[in-house]
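Thanks for coming. I will talk through one structure today, going from a single residue out to the whole chain and back.

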Amino acid sequence: MKKKSTIMIAVILAVLAVGTAVLAVLNSNASKDRRQLRSDAVFLIIHGDTEYRVTVPEIESLNPREIQANYKKDGKDAETRQYTGVPFAEVLRIKGIDASGAGTAVFAASDGYSRALPMADALNGDNCFIVLDSGDEGPFRMIMAQDQFSQRWCKLLTDVTLK
């Protein structure tokens, strides 16, 4: 009886190990694609079956402005930071994207994080910005400048899916 239990536990552990390995490989491939977008200084806007590439020069052509926003890390007080960026609605405009049929914008990051916003919030030109980011958190970040804290932000931005 004890031997059967030991064999059963070993089989279950082996199945779990194989499943974990398969999922790790699948996740690694998706992460590699997103890391490549980040290193290319490009993010995608996906609307229906079409992907639109957005580059740093395109953002710079929109005359980015200085934006102050509250940034808060866990366990620390919020601090006001300065960012340079453009309203997300302007990015859609220069790409010729009509988002009127979409209800949600899902902002995704190279680390697997994503943040969904109602389109009304994403199109708010006084709040939702694509900012140019330097260092380890760039080149793009989505911020909600009027939010009290930075819970709805998405650093390491690689793509935005309009649904």
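Leu 156 sits in the loop between strand 8 and strand 9. The phi of Leu 156 is positive, near 55°, in a residue other than glycine. Leu 156 is buried, with a relative accessible area of 10%. Buried means under 20% relative accessible area, exposed means over 50%, and partly exposed is in between, with a 1.4 Å probe and protein chains only.

A word on what you are looking at. This is a predicted model, in which local features need pLDDT of at least 70, side-chain atom pairs count only at pLDDT 80 or more, and totals for chains, interfaces and linings use all residues. Residues are numbered from 1 along each chain as its sequence is written, and side-chain values use heavy atoms, with hydrogens and water left out.

Asn 63 belongs to the loop between helix 2 (56–61) and strand 3 (65–71). Is Asn 63 buried or exposed? Asn 63 is exposed, at a relative accessible area of 64%.

Back to the loop between strand 8 and strand 9, where Cys 154 also lies. Cys 154 is buried, and its relative accessible area is 0%. Leaving aside neighbours within four places in sequence, Cys 154 is in contact with Phe 107, Ala 108, Ala 109, Tyr 113, Arg 141 and Met 142. Contact means heavy atoms within 4.5 Å. Cys 154 and Met 144 are 10 residues apart in sequence, and their C-alpha atoms are 9.3 Å apart in space.

Arg 141, one of those contacts of Cys 154, is part of strand 8 (residues 140–144). Which residue does the side chain of Arg 141 meet in a polar contact? The partner is the side chain of Asp 133, at 2.6 Å. A polar contact is a pair of N or O atoms within 3.5 Å; within protein, one must be able to donate a hydrogen and the other to accept it, and residues adjacent in sequence count only if both atoms are side-chain atoms.

Asp 133 and Arg 141 also form a salt bridge, with the closest N and O atoms 2.6 Å apart. A salt bridge is a side-chain nitrogen of Lys or Arg within 4 Å of a carboxyl oxygen of Asp or Glu. Asp 133 is buried too, at 17%. Not counting residues up to four places away in sequence, Arg 141 touches several others, including Tyr 71, Tyr 83, Trp 153 and Leu 157.

How many salt bridges does a search of the whole structure find? It finds 6. In one of them, Arg 152 pairs with Asp 121, the closest N and O atoms being 2.9 Å apart. That pair links distant parts of the chain, with Arg 152 in the loop between strand 8 and strand 9 (157–162) and Asp 121 in helix 4 (residues 119–122), 31 residues apart. Arg 152 is partly exposed at 22% relative accessibility, and Asp 121 is partly exposed at 27%. Arg 152 forms another salt bridge with Asp 147, at 2.7 Å between the closest N and O atoms. Through shared partners, Asp 121, Asp 147 and Arg 152 are joined into one network.

Now the nonpolar side. The largest nonpolar core has 38 residues, and those with the most contacts inside it are Phe 43, Ile 45, Phe 88, Phe 107, Ile 130 and Leu 162. Such a core is a set of buried Ala, Val, Leu, Ile, Met, Phe, Trp, Tyr and Cys residues joined through side-chain atoms within 4.5 Å. Beyond neighbours within four places in sequence, the contacts of Ile 130 include Phe 43, Phe 88, Phe 107 and Arg 141.

Finally, the chain as a whole. It has 4 helices and 9 strands, in the order α-β-β-α-β-β-α-β-β-α-β-β-β. Of its 163 residues, 34% are buried. Among contacts with a separation of 6 or more, 56% are between residues 24 or more positions apart. That is all I have; questions are welcome.

Technical notes. Helices (H or I, at least four residues) and strands (E, at least two) are DSSP runs, numbered from the N terminus.
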